[in-house]
Amino acid sequence: MKDNPTQHIRIADYNYPLPDERIAKYPLAERDQSKLLVYNKGVVTEDRFEHLPQYLPAGALMVMNNTRVIQARLRFRKETGALIEVFCMEPLLPQEYQQNFATQGSVEWLCMVGNLKRWKEGSLSTKYKVRSTDGDGAEQDFTLTAERLPYDATNADGTKHRIRFSWSNPALSFSEVLAAAGELPIPPYLNRPTEESDLRTYQTVYSKVKGSVAAPTAGLHFTERVLRALDSAGIDREEVTLHVGAGTFKPVKSEEIGQHEMHSEYIVVRRQTVEKLLAHQCEAIAVGTTSVRTLESLYYIGRKLIASPDLTEEQLAVSQWEPYDGTPDVPVEAALQAILRYLDVHHLPVLHTSTQIIIAPGYEYRIVRRMVTNFHQPQSTLLLLVSAFVHGDWRTIYDYALGHDFRFLSYGDSSLLMP
């Protein structure tokens, strides 16, 4: 790919002071009472999240990510006493998420392993209890075993490992195993252990499809009351699925972002959603950066299909620097129509693929016109995405939030960006 100015962005230019006391360790008791920063064409005001529908035009389309966070962190203790942590990142066998969660007996996942130096060989096993689902509610024991397998895919930093999980109770699905044995992985910057309340508060009220290892946190502010208010205000709603990977917390360690490798994330978009986008002049309000990445990736998927209609779903995956590769633009409507033709030809109601897209200053937004999002970490790719959206004016937003007692990061307050 030819060199482009976006690759030479210095991540140090996207730093700001974030004292630990400004990071929300817990959510508010009522989700929709969080503060809402409203950025409208450079002017900043504030309100409460429950009033979000008042700022949106009737007839607009809002797109949300319906992914559900899984209890992805598993702990095993060796006979020596060493604690080994295995963090499930993405399924390998079966590779499709829902099929993997429904599998009984054994599955394979791509994982990160903590304290790996203490696990040189052999398998790890731990006993757990699971409550019977046959009506009597009795507890049953089962043993979960983890075994490391050779992993040949690109693994330059040595952090990814192929792990086979097997369990002694063949009646249990892997979904039930995770529910009994796993821990919900709250963000590391909260600096606290997962608590029982997180099982509820670290999920959106509309979460449905299991697969994420981190919540799409812009959605955490929504309540049934706000959803009803959106419906009453004439806001059309659609859902997409992007399973958030552990890479969402991966810091940018290189001086320039061209050396930073984005994580690839699994996305699912229904035919109906593409049709709705076309009906709304190819414009949408995105809830969260995950919905942004999904929606914007659709343009590049469609552009590929216009050039090569016979690609497989795997070949439709959007690579990190694809938006900047100099390929001639196509109309957004034509790109979305190409996706519909592809789904029709292959008799698919749903598009399954993945995206590695990086959105940073220099990026041209194709579909997202308004964005609901939280306040992100300094020097993060999410902050780059916001900066690209507000044409570089991110400091106006963050200076206001810091100066007006807004709470930051996953459990913090929210913003509505309308550049």
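**Cavities, a pocket and a helix pair**

The second largest cavity is lined by Met262, Arg293, Ile357, Ile358, Ile359, Thr381, Leu382 and Leu385. This is a predicted model, in which local features need pLDDT of at least 70, side-chain atom pairs count only at pLDDT 80 or more, and totals for chains, interfaces and linings use all residues. Residues are numbered from 1 along each chain as its sequence is written, and side-chain values use heavy atoms, with hydrogens and water left out.

Colleague: Which helix gives the largest share of the lining of the second largest cavity?

Modeller: On a 1 Å grid over the protein atoms alone, a cavity is a set of points where a 1.4 Å probe fits but cannot get out, and lining residues have an atom within 4 Å of a point. Helices are DSSP runs of H or I, at least four residues, and strands are runs of E, at least two, numbered from the N terminus. The largest share here is three residues, and it comes from helix α8 (residues 381-389).

Colleague: What is the volume of the largest cavity?

Modeller: Three cavities of 30 Å³ or more are counted. Grid points are joined across faces, edges and corners, and a volume is the space filled by probe spheres set on the points. The second largest cavity comes to about 40 Å³. The largest cavity comes to about 270 Å³.

Colleague: How many charged residues are in the lining of the largest cavity?

Modeller: Its 22 lining residues include Thr217, Thr248, His376, Leu382 and Ser410, which lie nearest the centre. Ala, Val, Leu, Ile, Met, Phe, Trp, Tyr, Cys and Pro count as nonpolar, Asp, Glu, Lys and Arg as charged, and the others, Gly among them, as polar. The lining has eleven nonpolar and eleven polar residues, and the charged count is none.

Colleague: Which residues lie nearest the centre of the second largest pocket?

Modeller: A pocket is an open set with protein on both sides within 12 Å along at least five of seven lines. This one has a volume of about 210 Å³. Of its 18 lining residues, those nearest the centre are Pro27, Leu28, Arg31, Thr201 and Tyr411.

Colleague: Is α5 roughly parallel or roughly antiparallel to α7?

Modeller: Helix α5 (residues 271-279) and helix α7 (residues 332-345) pack at about 155 degrees, with axes 10 Å apart. Axes are lines fitted to C-alpha atoms, for helices over the stretch in contact, and angles run from 0 to 180 degrees between N-to-C directions. Angles under 35 degrees count as roughly parallel, and over 145 as roughly antiparallel. So α5 to α7 is roughly antiparallel.

Conventions. Angles under 35 degrees count as roughly parallel, over 145 as roughly antiparallel, 65 to 115 as roughly perpendicular and the rest as oblique.
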